[in-house]
Number of protein chains: 2
Amino acid sequence: MSRSVLTIDGLQYSNWSREIFEQMREGGVDAVHATLVYHENCRETLLRFGEWQRRFEAYGDLIMPVRDPEDIELARASGRVGVFFGAQNCSPIEDDIDLVAIMRRLGLMIMQLTYNNQSLLACGCYESEDSGITRFGRQAIREMNRVGMLIDMSHSAERSTLEAVELSERPVIISHANPASFHPAKRNKSDRVLKAIAESGGLLGFSVYPFHLKNGPDCTLDDFCGMVADAAELMGMDHIGLGTDLCQGQPESVLTWMRNGRWSKSMDYGEGNAGNAGWPQPLSWFRDNRDFPAIIEGLKQKGFGQDDIEKIMGRNWLQQLINGTRPMAASAA
Amino acid sequence: MSRSVLTIDGLQYSNWSREIFEQMREGGVDAVHATLVYHENCRETLLRFGEWQRRFEAYGDLIMPVRDPEDIELARASGRVGVFFGAQNCSPIEDDIDLVAIMRRLGLMIMQLTYNNQSLLACGCYESEDSGITRFGRQAIREMNRVGMLIDMSHSAERSTLEAVELSERPVIISHANPASFHPAKRNKSDRVLKAIAESGGLLGFSVYPFHLKNGPDCTLDDFCGMVADAAELMGMDHIGLGTDLCQGQPESVLTWMRNGRWSKSMDYGEGNAGNAGWPQPLSWFRDNRDFPAIIEGLKQKGFGQDDIEKIMGRNWLQQLINGTRPMAASAA
């Protein structure tokens, strides 16, 4: 029954393997927004695309690339997981506006303007001051709009996010975060931001990363679904989805890379601290890719109807891809 | 009348501008194999793709990208020049086999395995000894076959070329050169090579670069068309086309870049010499992109029928693209 609900996870950076792809199928995942890079530059981003090309060859029975939103239905029909790509930072385009269209052609459907820190485009949520979208950032937003690359502000700061919504002619998304009203983490978003995202036509993907949740690893499924209900109230039923931020099977070195990249000489612990430096304990009700049906069940218990559950689990994400990843008319992208 | 003959030029590296694109239309050119790079590495190749993206935006009334061979008919129907890309060297893939599929996805339809010198894949026609296709070269040929990237041996040495034909499961082409029997330049090809190319299902594109022609700039149109007739005899009517090697409007610095790249401290004069270092004088009957109808006329005078003229002027090139640039079945390229 739950298997029949279109399920799209709006962000993962798992330690991709046959076992994980099999668990995704077991959990009913039809498509996933896979993070391609965190801090990789242009050439390094091509290395990551190359690795995925090999995965698509090696695991063609379990996964396939999503080049177009329609491919998600194809993946579903063939019992495979469709994979679409996003960058958590703007590092792939370096300082070169032409790389937006080039990365889009290679399959980068989503890009964050910044990852925690100030970038060439915008300000991240860990900086003390946010001076908004930069000169290059305005050009990049226009170009992302033109070629059909979704603007993702998950790790961005408040003012930059609001300005991006203002500047963008197409919806702006937050692929993975939660409302700050539920849990006041730096990475979670104010009601003002969430309303702006919804008004832009965008979407918030709910994270199950314990640092983004009330009571951390002890957050209950009921509390999580209560948060979803509150966000639905605030943003409307068409503007919410999943973005688990699941990093299944990743070693701590990957966490260190996410947090420190190449920019920090001293250890930056991100949402953790020296005494709690590693991956957080997972939730009891969402350990890995097999547990998506638990969320469906939780939403039912919370009183969501079938239609709303389908929107949250996948239909809203599909609509974002349909609305946001086509080149604009008369574009020679 | 000549305007109605599908015309595809199998190699140019002109100093692209509105004026040149207009002259291409005036000369009836429906599509062109544009050299994207000579010695550029991966990142630099993306700069060149970026420049072409801007050209497609700026000159959308005159040119369009050929992503698929069918686009050539679309270009023709809309009165524009279709542009498809090739690399004159394997430098865009550096030492990374995954970059073959990535470059193909970006629109690189053709790649030479080497440009005059030894490369990581094969030997060039200016080396004193040719040890054939390298270990990496064998992998690259297999991958180019898989993703549908045409193997071009224009600047390769004899043994490497014959081995490439042997190793490749798909046709191998020589986009721009002439028979050595017509003019014995290092860049021109032996009958043995030309027969192997034809037997592979490939094609020879005739060059009008004076260094590749008998009597250089004084080569007559009648002599040129005689060479075409002899090659047709040797290779068959389906395996010949044009590859002018026209570098219209390029400054001498570009010639120096082609010849010297970054590899030579002392000046390498290529087919010229210290006393004749610059661009050769053009042919009187082929000065620039407006002169393709002269070739049609010359072929008529030589006794070629309409069908054969259409094959030589464009239909054979179109067939090469159809046969050679589709991914192989069951490929996840």
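Student: What makes Asn116(B) count as buried?

Tutor: This is a predicted model, so the count is computed from predicted atoms. Asn116(B) has 27 C-beta neighbours inside 10 Å. Buried calls for 20 or more. Therefore Asn116(B) counts as buried.

Student: Where does Asn116(B) lie, and what is its phi?

Tutor: Asn116(B) sits in the loop between β5 (108-112) and α5 (135-147) of chain B. Its phi is positive, about 70 degrees, although Asn116(B) is not a glycine.

Student: Which residue of chain A has a positive phi although it is not a glycine?

Tutor: Asp245(A) has one, of about 65 degrees. Its place is in the loop between β9 (240-242) and α9 (252-260) of chain A.

Student: Is Asp245(A) buried or exposed, and how do you know?

Tutor: Count the C-beta neighbours of Asp245(A) inside 10 Å: there are 25. The cut-off for buried is 20 or more. So Asp245(A) counts as buried.

Student: Why is Glu22(A) called partly exposed?

Tutor: Glu22(A) has 16 other C-beta atoms within 10 Å. Exposed means 12 or fewer, and buried means 20 or more. The value falls in between, so Glu22(A) is partly exposed. Glu22(A) belongs to helix α1 (residues 18-26) of chain A.

Student: How far is Glu22(A) from Arg290(A), in sequence and in space?

Tutor: They are 268 residues apart in sequence. C-alpha to C-alpha, Glu22(A) and Arg290(A) are 9.0 Å apart in space.

Student: What makes Pro179(B) buried?

Tutor: Pro179(B) has 22 other C-beta atoms within 10 Å. The threshold is 20 or more, so Pro179(B) is buried. Pro179(B) lies in the loop between β7 and α7 of chain B.

Student: Which residues does Pro179(B) touch, leaving out those up to four places away in sequence?

Tutor: Among them are Asn188(B), Lys189(B), Leu194(B), Met227(B) and Ala231(B). Met313(B) makes another pair to look at: Pro179(B) and Met313(B) are 134 residues apart in sequence and 18 Å apart in space, C-alpha to C-alpha.

Student: Which residues of helix α7 of chain B are buried?

Tutor: In α7 (residues 191-199), Val193(B), Leu194(B), Ala196(B), Ile197(B) and Ala198(B) are buried. The buried residues of α7(B) pack against α6 (158-167), β7 (172-177), β8 (204-206) and α8 (221-235) of chain B. After α7(B) comes Gly201(B), with a positive phi near 95 degrees.

Student: Which residues have the most contacts inside the largest nonpolar core?

Tutor: Ile197(A), Leu204(A), Ile197(B) and Leu204(B) do. That core has 189 residues. Ile197(A) touches Leu204(A), and its other partners include Val165(A), Val172(A), Ile174(A) and His239(A), with residues up to four places away in sequence not counted.

Student: What makes chain A as compact as a globular protein of that length?

Tutor: First, the inventory: chain A has eleven helices and nine strands. Its radius of gyration is 18 Å. The globule rule gives 20 Å for 333 residues. The two values are close, so chain A is as compact as a globular protein of that length. Buried residues make up 51% of chain A.

Student: How do you know that the two copies are related as by a two-fold rotation axis?

Tutor: Superpose chain B on chain A. The rotation is 180 degrees, the shift along its axis is 0.0 Å, and the RMSD is 0.0 Å. The copies are thus related as by a two-fold rotation axis.

Student: How do you know that the copies meet through the same surface?

Tutor: Compare the interface residues. Of those in chain B, 100% are also interface residues in chain A, so the copies meet through the same surface. The contact takes 17 residues from chain B and 17 residues from chain A.

Student: Which helix gives the most to the side of chain B that touches chain A?

Tutor: α2(B) does, with eight residues. The residues on that side of chain B divide into nine nonpolar, three polar and five charged.

Student: What confidence scores does the prediction carry?

Tutor: Chain A averages a pLDDT of 96, and 98% of the residues score at least 70. The model scores ipTM 0.88 and pTM 0.93.

Methods. Residues are numbered from 1 along each chain as its sequence is written. Chains are lettered from A and ligands numbered from 1 in the order in which they are written. This is a predicted model: local features need pLDDT of at least 70, side-chain atom pairs count only at pLDDT 80 or more; totals for chains, interfaces and linings use all residues. pLDDT is the predictor's confidence in each residue, from 0 to 100. Helices (H or I, at least four residues) and strands (E, at least two) are DSSP runs, numbered from the N terminus. The radius of gyration is taken over C-alpha atoms; the globule rule is 2.2 Å times the number of residues to the power 0.38. A nonpolar core is a set of buried Ala, Val, Leu, Ile, Met, Phe, Trp, Tyr and Cys residues joined through C-beta atoms within 7 Å. Two residues are in contact if their C-beta atoms, placed from the backbone, lie within 7 Å. Ala, Val, Leu, Ile, Met, Phe, Trp, Tyr, Cys and Pro count as nonpolar, Asp, Glu, Lys and Arg as charged, and the others, Gly among them, as polar. Copies are superposed by least squares on the C-alpha atoms of residues with pLDDT of at least 70 in both.
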